[in-house]
Amino acid sequence: MARQFFVGGNFKMNGTTKSIQDIISNLNDAKLDSKTEVVIAPPALYLLLAREKLRNGIEVAAQNVFDKPNGAFTGEISAEQLKDSGITWTLTGHSERRVIMAEGDDFIARKTKAALDGGLGVILCVGETLEQREGNKTIEIVTNQLKAVAEQTKDWSKVVVAYEPVWAIGTGKVASTEQAQEVHAEIRKWLSSTISKEASDSTRIIYGGSVSEKNCRDLAQQADIDGFLVGGASLKPAFVDIINAKA
């Protein structure tokens, strides 16, 4: 089964009204590979701006979502509110939230289920620290993170798995193409044995971790790398080159 290439841009806590409008204008004017699905995730304050200004064919993702539909949860945003605002995707499980906000696997799994139940697509981030990789625990850590979600939902049709080795995020270090492909292949094998052969064949597994216009084409050639989740480079004009990595 041919899986549509997927490129997400995670702006993190970066941008102003002007700079985000500039990024959007660049995307709107650029010649993007029509076979690649493109989603950008600006800070929550700019989600509606992005949705209003972006051309058709580019979707918008929240960087976070809560696991309850509404209520006394100061500072949180629900899947229903995102959907109501025309936001079609959300991230869950990013390592910065796992580490800085101390979000555990179970909480991330509940948020993922709430987003899926609310009609959103989910970019589910998984990945290991340098210490875990050096301890040969990469696959154990990543599959445990996935297992928590599998216990909450068996429908992975709207899930994109983003493998992001923590040691490569924002550091300039990149997993080698062989390292990335090896983990992606193991994730696909896990999907086949735990969810279904269909889920394994159709679920897109994308790579994140200091992706740039310089390394994206080699990574994109790997059999089990179906796209990228891009951090800092998504704020730059070179994001277009990454989107077009398969063109």
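This is a predicted model: local features need pLDDT of at least 70, side-chain atom pairs count only at pLDDT 80 or more; totals for chains, interfaces and linings use all residues.
Start with helix 7, residues 138–150, and helix 8, residues 177–194. Their axes come within 11 Å. They cross at roughly 40°. Helix 7 and helix 8 are therefore oblique to each other. The crossing of helix 7 over helix 8 is right-handed.

Now look at the contact itself. Helix 7 brings Thr138, Ile139, Val142, Thr143, Leu146, Lys147 and Ala150. Helix 8 answers with Val183, Glu186, Ile187, Trp190 and Thr194. By class, the residues of this contact are 7 nonpolar, 3 polar and 2 charged. Lys147 in helix 7 and Glu186 in helix 8 both belong to the contact.

Next, the empty space. Rolling a probe the size of a water molecule over the atoms shows where it is left.

The largest pocket has a volume of about 480 Å³. It is lined by 21 residues. Closest to its centre are Lys12, Gln63, Asn64, Arg97 and Met101. The lining of this largest pocket splits into 12 nonpolar, 5 polar and 4 charged residues.

The second largest pocket has a volume of about 270 Å³. Its lining holds 21 residues. Ser210, Val211, Gly231, Gly232 and Ala233 are the closest to its centre. What is the class make-up of the lining of the second largest pocket? It divides into 6 nonpolar, 10 polar and 5 charged residues.

Terms used. Residues are numbered from 1 along each chain as its sequence is written. Side-chain values use heavy atoms; hydrogens and water are left out. Axes are lines fitted to C-alpha atoms, for helices over the stretch in contact, and angles run from 0 to 180 degrees between N-to-C directions. Helices (H or I, at least four residues) and strands (E, at least two) are DSSP runs, numbered from the N terminus. Angles under 35 degrees count as roughly parallel, over 145 as roughly antiparallel, 65 to 115 as roughly perpendicular and the rest as oblique. A crossing is left-handed if the near helix is turned anticlockwise from the far one by less than a right angle, and right-handed if clockwise. Contact means heavy atoms within 4.5 Å. Ala, Val, Leu, Ile, Met, Phe, Trp, Tyr, Cys and Pro count as nonpolar, Asp, Glu, Lys and Arg as charged, and the others, Gly among them, as polar. On a 1 Å grid over the protein atoms alone, a cavity is a set of points where a 1.4 Å probe fits but cannot get out, and a pocket is an open set with protein on both sides within 12 Å along at least five of seven lines; lining residues have an atom within 4 Å of a point. Grid points are joined across faces, edges and corners, and a volume is the space filled by probe spheres set on the points.
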